[in-house]
Amino acid sequence: MQDTTPKDIGSLSFGLMEPEEYREMSATKIITADTYDDDGFPIDMGLMDPRLGVIDPGLECKTCGKHSGSCNGHFGHIELAAPVIHVGFTKLIRRLLRGTCRECSKLLLTEDERDEFRDQLTESRKLSRDLNDVTKAAIRQARKKDRCPFCGEIQYDIDHEKPTTYYEVQQVLTSEYSQRIAGAMQGDEEEGVERTTPDELAEQTEIELTRVNEILSGSFRPRESQRKAIEKALDIDLTEEDTNKLMPSDIRDWFENIPDEDIEVLGINPERSRPEWMILTVLPVPPVTARPSITLDNGQRSEDDLTHKLVDIIRINQRFMENREAGAPQLIIEDLWELLQYHVTTFMDNEISGTPPARHRSGRPLKTLSQRLKGKEGRFRGSLSGKRVNFSARTVISPDPTLSMNEVGVPDRVAKEMTQTMNVTERNVADARRFVSNGPEGHPGANYVRRPDGRRLKVTEKNCEQLAEKIEAGWEVNRHLIDGDIVIFNRQPSLHRMSIMAHEVVVMPYKTFRLNTVVCPPYNADFDGDEMNMHALQNEEARAEARVLMRVQEQMLSPRFGENIIGAIQDHISGMYLLTHDNPRFNETQALDLLRATRIDELPDPSGVDDEGEPFWTGYDVFSELLPDDLNLEFTGTVGDEVVVEDGQLLKGTIAEDEVGEFGGEIVDTITKVYGNTRARIFVNEVSTLAMRAIMHFGFSIGIDDETIPGEAQARIDETIADANDRVEELIEAYENNELESLPGRTIDETLEMKIMQSLSRARDNAGNIADEHFQDDNPAVVMANSGARGSMLNLTQMAGAVGQQAVRGERINRGYEDRTLSHYEPNDLSAEAHGFVENSYTSGLTPREFFFHAMGGREGLVDTAVRTSKSGYLQRRLINALHELETQYDGTVRDSSDTIIQFEFGEDGTSPVKVSSDDDNDIDVDQIASRVLDSEFDSETERDEFLGTRPEPTNLSEHADDRLTDGTEVSSDD
Amino acid sequence: MVDVSQHELVPEHTVLEEEALEEVLEEYDIDRTDLPKIKRTDAALPDDAELGDVIKIVRDSRTTDQSVVYRYVVE
């Protein structure tokens, strides 16, 4: 057996690595830049040395003896000819150079200051604050010192030239000192500065006159004290900046002398990391497994980018050594040193600003170490947090109203690919054999089997029959997905937890995933080409958790607002409205047909007998069959009427959006909270099927005639609009005669705009009202608007009456040409027509100019949505990053991963939003629930008392098991 | 100057006594530095609050009548 046991991580430690540690873990020193010899064998001590691990299958690793796959590879090392700076630490190196003494390497802080910062550091650690704030402050303090408080050495400024060069900036005597002194001694009459004689200068500076003359002639360089005296006497500056380059070796020597206790103050643990280790003397060579070479089709080998970079490093390294041994001039050595530094730098990071990126022969920049880790496609975000997974499928979705909302239709070709592991026991061995004998092509078949000795065998068309006979208890069979398996289903963007829910599989022909339309709201899905992902779960724990926690019915209530997010939508609502609005009558056949797809197979007593002596049932009767027998509700419904349910009978009201719809349909919400998720699932499923039957019974369609109004109404609308135009003209006239009074807080122009907008929107509303008068209540568009199924009266107004004012940024359209919107109008025309008022309706058709304005307004809407989605997506990402490690603990507190308390009680009340009533008017009647449950459970009083308070809620295991449970028959278990 | 601690929307802030604090820390099994923080300059703090104290805040809650929160005073 393979050694694949997961191991616990005891601890992680981050720090720098000592050069000696690099050498110790190295499998070999690398000295040659060549990879393979002429026969294609790796060269010893070359970059592909076999001791660095194996990539070719079948070969044995020379270091550990394992084969490819199990050998992780081994590091090698390159001895660098000269130390180079590690690019990752340039900022820290600069800080240390600035904060420590150039002579004795001690931190430039007095002992008191040092202790102070050390205390601050421990305090910061305790409060888990950013340690950088303290260490930065410490360096800032240290930089202020001109001299070392310990050895008294003068400190110079450190200049950092990115990426890896450091200079010491010193003030030294300028070479033009004699000229500058002479110039200053001349004096300046205009400025009133007197001439200075050498005698006077000698006197003021207390330098001998002969020396002064020597200095003036340039034959003697004044000492520092003399320089300062002259500067003071003549009020001039005799210095210039001199930069002194610090070689990596100098920096290394400097850092070696920094005492351990000083490093601690800078937040570095000296036991793990010494600062001199930031200057590399040994370069670790990654194992070949981290930079595998590939063989192209033409037999040529192609090396990884890292290998290319390592070749460069070794070449320069060797040239450097040769030149140094040959005694080459300092200039050449320095050039080579810089080149070595460049290669080591780009080996680690090839996107450093200020350095040209190292390129491949083709001109493509090399992908080196840091490029492998960084960014969206990097190791962290791309390979660790966002892995691609097996046992997943993606395809287009389409609706299937015959499924339960808990189910998902899975194409058979998907079901044959995605497997579930079946542990064969004596009880299921017959099933297992059947699956295997069906082979990989038949459904339900099997793709692989695993023998008790761990050997995995592929099931093929040829061997399936023989294999099936061999299957016994103890084998494992990877069988195809079958009806009733649980899978996870997801639609991106996954913005809330209902974007990922568990469904039960129903295997179906054809190529799309099928889902019931009632689960569209939580996924925000439609069927205009949307695709969704499915994941088959691979162990019992996952399957059990998905079934109990993630199944669609368990997600009926949204934690966002504590009400149901799943409910009837669109045609379901139109259907329910038609069924209940005028409470129509149905004969026995019709009533039975309506309830065909529900559990109801017997009608209640009829409501009455019609004129022909036939019994009839009303829409209320039919709908009431779906309600729990003891449901009592009373609330104001969608249409504005009172909805009354008494003892499970709908007595008054219309069933529409606010009753059974998504996002808080009152009846669905109440059933979920009072009767449980299973009952609610049954209710929603049945409402949707009943509604489909109802809408098919009545017939429901919409055409252009449904939005057309009689000529007489059209004339009235035209009149209203003409009136409005007149009013606007009046307003403009008043404005031009300066008779318009401005509203408080507005300018005259704003007042005019507001008043015009007001009268025009009134005109549109009036036009809409006129149109409304001519629509019958059974007009399909009106039915949809009234029931809340789709659309609003405004849409209807725009279709039949007038489209109305078009707006960009909340104002009438004002842009386009200078002082006018289009060249069709006079400049400064303020009329309604010239600023985007659309008099026509969608049915009558827009004029070209109206159409243009309409497109302007429409464009704004599109831009808005595009901007909003990207903004909200980024906001969501930031919120997730800030909150993802918060967790409610068993003691009720909310803590982050370092156990700091965020909330003492979840949400300050420790309550789940889905477990409470949604508002004051709709209390959850706990007593009613309790007595209902108890009454149905027990026949006698004593039996009930005996049992009180100990019965756990049953776990709803499966779609079909639930049905049997609610039918009253207990499911017998297998054992 | 307006004393915000007297405003009706500012909940009651009191310095927690040492013994009571021990109990709180015991209850949640934490150090005082693991508590949420409050700045010493916060206008709602009582006058006698010092750096390192723990403040008890009792605010009215719509759902639980009163909710209690503790905060550690930092600079």
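Helices and strands here are DSSP runs, helices of at least four residues and strands of at least two, numbered from the N terminus. The model is predicted.

**View 1. Asp526(A) sits in a loop of chain A.** The loop runs between helix H18 (520–523) and strand S17 (531–536). Asp526(A) has 11 other C-beta atoms within 10 Å. A residue with 12 or fewer is exposed, so Asp526(A) counts as exposed.

**View 2. Asp528(A) lies between H18 and S17 of chain A.** This residue, too, is found in the loop. Asp528(A) is exposed because it has 6 C-beta neighbours inside 10 Å.

**View 3. An annotated binding site takes in Asp526(A), Asp528(A) and Asp530(A).** The "binding site" feature comes from an unreviewed UniProt entry. Among its residues, Asp526(A) is exposed, and Asp528(A) is exposed.

**View 4. Chain A meets chain B.** Chain A supplies 12 residues to the contact, and chain B supplies 13 residues. For the complex, the predictor gives an ipTM of 0.90 and a pTM of 0.75.

**View 5. Residues 2–73 of chain B carry a domain annotation.** An unreviewed UniProt entry labels this span "domain: RNA polymerase subunit H/Rpb5 C-terminal". The span is 33% strand and 15% helix. Chain B has a mean pLDDT of 87. Of its residues, 100% reach 70 or more.

Note on methods:
Residues are numbered from 1 along each chain as its sequence is written. Chains are lettered from A and ligands numbered from 1 in the order in which they are written. This is a predicted model: local features need pLDDT of at least 70, side-chain atom pairs count only at pLDDT 80 or more; totals for chains, interfaces and linings use all residues. Two residues are in contact if their C-beta atoms, placed from the backbone, lie within 7 Å. UniProt positions are given in the numbering used here, feature names are shortened, and annotations may be inferred rather than shown by experiment. A residue is buried if 20 or more other C-beta atoms lie within 10 Å of its own, exposed if 12 or fewer, and partly exposed in between; C-beta atoms are placed from the backbone. pLDDT is the predictor's confidence in each residue, from 0 to 100.
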